[in-house]
Amino acid sequence: IYLDRPVTVLTLKELTNLSVSSGFELQFRLGPSLQGRRVIVHTNYPLEGQRFNRNNFRVLAWNYPSGREDDSDKFCSLELQIAGSYQYYFGYAGVERLGGGYIVVDPVLRVGADNHVLPLDCITIQTYLSKCLGFLDDWPDRLEVAKESGYNMIHFTPLQTLGESRSCYSLADQLTFNPDFSKEGQKCSWEDVGALVEKLRTEWNMLCITDVVYNHTAANSVWIKEHPECGYNLLNSPHLRPAWVLDRALWHLTTEVAEGRYKDRGLPADITDESHLNAIRGVFWQDVAPQIKLWEFFQVKVELAVEQFRVQLQKGLWCRVLHSSSPHHIEECCGWLRQRLNELNDEQKHIVHQHQEQAVNCVVGNVVYERLADHGPKLGPVSRRHPLVTRYFTYPYEDMTLEEEMQLLDQPDKMQHFLAHNGWVMDDDPLRNFAEPGSNVYLRRELVCWGDSVKLRYGNGPEDCPYLWEHMKTYTEITAKHFHGVRLDNCHSTPLHVAESMLGVARGVCPNLYVVAELFTGSEELDNIFVTKLGITSLIREAMSAHDSHEEGRLVYRYGGEPVGAFVQASLRPLVPSIAHAMFLDVTHDNECPIQLRSALDSLPSSAIVSMACCATGSTRGYDELVPHQISVVKEERLYPKWNPAAAPSSTGEVGPQTGIIAGKRALNKLHQELAAQGFVQVYVDQVDADIVAITRHCPSTHQSVVTVSRTAFWKPQTHQYDSNVAPMFIPGQIEEIILEARTVERNAGTYKEDAKYINGMLEYTVEIKEHIPVKCFGSDYTNHVPDGQQILRCPVTRMYPTDDCEPCGPGEVEQPLHDVIQEALQRHLEGISFRERNAGPKIDMHMRDEGFTVKAKVDQATGFVMGGNRFNCGTWMDKMGESDRARNKGMPATPRSDGAAVEIVGLSKSAVRWLVELHAKGLFPYDGVFISYAQWNQQLQQSFEAEFWVPEDPADPNEKHPELVHKRGIYKDSYGASSPWCDYQLRPNFPIAMVVAPEMFTPERAWKALEVAEKKLLGPLGMKTLDPDDMVYCGVYDNALDNDNYNLAKGFNYHQGPEWLWPVGYFLRAKLYFAKKLGEDTYSKTMTLVKNVLSQHYTHLERSPWKGLPELTNENGQHCPFSCETQAWSIATVLEVLFDL
């Protein structure tokens, strides 16, 4: 099936949420339990040309590919072109909503004058605190740092007018561009910002996103004073009144502690130890709690309620609750009510006491963090500027006594201006609004409060607070008009229906809106609720959350792509579960940098680890410059340095390539973007040791890999001893080049001193970097295929066992040039080797007999063949050892070719010797032989091969030494000189291997006849029979679980005695192609047809296989074998070699 677009298939079974790229076709197909029912699928994805309406669902029509109504292949589909979050549901008669879910369609991002696509996994983003950029005219010079550091996306914190706290996220007016960005006499506008953003997109190939803050506004916002109904005040949220009283009481306690009124009771203004904390508790329970009597807010005035009840009884209510209206019965009933109300009041007093206990604990905990903890801000003595605790509510009036303030609770015009501040709650349910009725967060002082911001109250919809909804709608439209994406600030605390509605507005302005968010739910299940309902494109993840290198590597594995070895995704693919797309940052702007928590030396290696994740990545401005502190979103007022490629290391107002790790980050960002663009979508993480992490990015289509090895520095070298011994790493395949080698080095450029005007970094360190270093590569065909590849013969090789029976040597301890190693190996074989395997016995082979561990091998002086082995040892790839005691085959090799000269080994030795002759003739190999020249050995093999291996067609041929053993004529023997001569004459698929590696040994006509016999007798649908089906011990069905009395079958003894192995097919086809060319065009044309027919069956199997691979073997005639490996490397590798030859 050829498809003009990628197709994702969703089988309808249950609730399923999914993320799909724009441009995909989504097909809905019936699960087994739904077939036979008239299923109806609904979706709110709009028809082409229509605007999206979340509540407008339509029915999808079924398609019938077979032309008739057939539940097995019918489907309905959506062509997904519009980014956003959409719903679907399905059901049938009587059950309208049996299942359903959300469809998140990712946006298509475009950059450059040519509008080319920027894939999500190519994103490298850098965050800027906008207030540190200075005047708008200077922004390009400061943003150029991001461009020259290799980033392709900028995240601006909000650009609106800030509140009086100067926090980047406390906005006084969501609609106005911050006037701080305009020079005197200048008034910059949103249009000016939009022009700059467009310039960055078209000229710098960079996109820009900014925050949207829906959950709060600055406490000094003019509009919130004019519209206090937009916040949680004591009029529209009366449940907050007790919390407000407590908040005011704590404020008055602050003023009294600051004035020293409690010093004589052990509570001074300067709180420094545990005794002071205990004094806070004492003062609260002795002075504050009795004064404010919070329990009364939750209690009934008993006597008033009883009197009202008595009056109602006397008016006739008695007939509903009493048998009589006598005064005695009425009083008795009132007594019951009084008793029950008192019990309820006592219960409420106890509950409030528990709330107050938690409040005191939270107050003390807050004091500990802010004043005592080493990692806290150390605020110093209690004062009005630094109160005992942050105030939970605004108070826009002059201070009064607490008694006077409590009287304001009877004045609605005053109460509406006491607005609850926003914040966050540790381990709270993010789907619950902590300011709504039913929550006691404010009363229990569990809110980590932002005292500069007011929490906004949207209600259930625009009708509940029209001004707020309209105000935020305009704010959203301005943002979406000028930026390519948004970061949802405080997303986990923003009401879902609000964010959902506002993002709908934003996508109406910018259809391909990139949406990112950082969630603190602690649950991927909860994360998915936000992702699917809001259509979040990427979730922010942070490497600084890792406590060691192992955890940092785990984050890459979790969020950074498919595992290496995952199946290549075809155009038509089923939907599989996945986690939300990640934006993996080395550090976010909210958190401390690695220099504070780890060491300066960790900045570069951790960046390298992050850059190897197959997802969006990034950082925050200052990280690359080695700024040794968190750049505070509240307190920082200095400016970012500008870009100057010639900036001196000591410069504070300018940065360049030599500043911090900028040069390293540029190379890493470039590599990250190239890997994503070129399809390196698979990831493997290897924890080499406690500090070293190796990460592989693999491309499943080209099978290239890039490996990054990073030595982290989670602990300062001055106080931590790092292990100097590093275990050797094995990197499979051919290493083509070292793309990047970088390390952080110390330099003499001065020591860090915080600048008063600019946000400067450490001068002590820079990056030493080398790129694109060529390396020497190892491989059997290296000398032939690579320019100057013969130089590899001079490369040193570490010998682990340089002499017999020595202990293993370490890396580099004993080294020899490769040509010496080759020479020694050939010398040993020519002289003959005889040894007993180390650790002989059941530890290395539990089935082998003792005799099998003694091995002898040599080169036969008469023929040049490598011969030997042991008849109790499996000497070739046909290595099945008998395992059955019952069948008495235990310890016996199943395929009797374990001694003598195997045909494929003769071919391989001929190939090696011929190669050395050629190298020596060119002066590239220093040895011409041992006690016999390689040229003589090569010639001897050439002359002996067909004389000893060819089985003549003529029964009377005098050269045939054992005519009585011949079973097939016109073939090549499987071995020569075996201790059981009959096995030499068995027809097996091994001689084509020799034909491919040493074709010069074969007469083309004889080779062709032997190949025709192999084709007729051995070639199966996918593999080749491992034994002639006419042989008396042939059995083509492999069953490794069978244990019976049959010597030839028990415990899978016939592993290589008939089952059709796939890897020999590659050599058979390559041999056919080689000799067909020798025999003329007609023969070659027919052979090409055969080869294509065979390969087409492999291709068909690949497409249908859930493993997307070729199996180890099949049973006879291509039948599936349950004991075969479902996908094996050499099965497909030899087929690939056929394609290479073609």
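Predicted model: local features only at pLDDT ≥ 70, side-chain atom pairs only at ≥ 80, totals over all residues.
Residues are numbered from 1 along each chain as its sequence is written, and side-chain values use heavy atoms, with hydrogens and water left out.

**Entry 1: cavities**

A cavity here is a set of points, on a 1 Å grid over the protein atoms alone, where a 1.4 Å probe fits but cannot get out; lining residues have an atom within 4 Å of a point. Grid points are joined across faces, edges and corners, and a volume is the space filled by probe spheres set on the points.

I looked up the largest cavity and noted a volume of about 140 Å³. Its lining has 16 residues, and the closest to the centre are T620, R621, H629, Q630 and I631. Sorted by class, I get seven nonpolar, seven polar and two charged residues in that lining. For the classes, Ala, Val, Leu, Ile, Met, Phe, Trp, Tyr, Cys and Pro are nonpolar, Asp, Glu, Lys and Arg are charged, and the others, Gly among them, are polar.

The second largest cavity comes to about 90 Å³. I found 13 residues lining this one, with S651, V655, T659, G761 and L763 nearest its centre. Six of the lining residues are nonpolar, five polar and two charged.

**Entry 2: two helices**

Helices (H or I, at least four residues) and strands (E, at least two) are DSSP runs, numbered from the N terminus. For a helix, the expected span is 1.5 Å times one less than its number of residues.

After helix 4 comes G260, with a positive phi near 85°.

Next I checked helix 22 (residues 1004-1017): its 14 residues should span 20 Å, and the end C-alpha atoms are 20 Å apart, which agrees. The buried residues of helix 22 are A1007, W1008, A1010, L1011, V1013 and A1014. An α-helix has 3.6 residues a turn, so residues three or four places apart point the same way. I then listed what the buried residues of helix 22 pack against; among the partners are helix 21 (991-997), helix 23 (1063-1078) and helix 24 (1081-1104). Contact means heavy atoms within 4.5 Å.

**Entry 3: buried residues and their contacts**

G91 sits in strand 7 (residues 84-92) and counts as buried at 4% relative accessibility. G91 and R38 are 53 residues apart in sequence, yet their C-alpha atoms are 8.4 Å apart. Not counting residues up to four places away in sequence, G91 touches R38, V39, I40, E96 and L98.

A616 belongs to strand 25 (residues 616-620) and is buried, at 0% relative accessibility. Leaving aside neighbours within four places in sequence, I see A616 in contact with L120, D121, I123, Y514, H581, A582, M583 and F584. From A616 to V117, 499 residues apart along the chain, the C-alpha separation is 14 Å.

N669 lies in helix 16 (residues 662-677) and is buried, with a relative accessible area of 4%. Beyond four places in sequence, N669 is in contact with T124, S149, G150 and Y151.

Is R166 buried, partly exposed or exposed? R166 is partly exposed, with a relative accessible area of 25%. Its phi is near 65°, a positive value in a residue other than glycine, and R166 sits in the loop between strand 13 (160-162) and strand 14 (171-177).

N839 also has a positive phi, near 60°. I located N839 in the loop between strand 35 (833-836) and strand 36 (854-859), and at 63% relative accessibility N839 counts as exposed.

How values were computed:
1 Å grid on protein atoms, 1.4 Å probe; cavity = no way out; pocket = protein on both sides within 12 Å on 5 of 7 lines; lining within 4 Å. Buried < 20%, exposed > 50% of the residue type's maximum accessible area, 1.4 Å probe, protein only.
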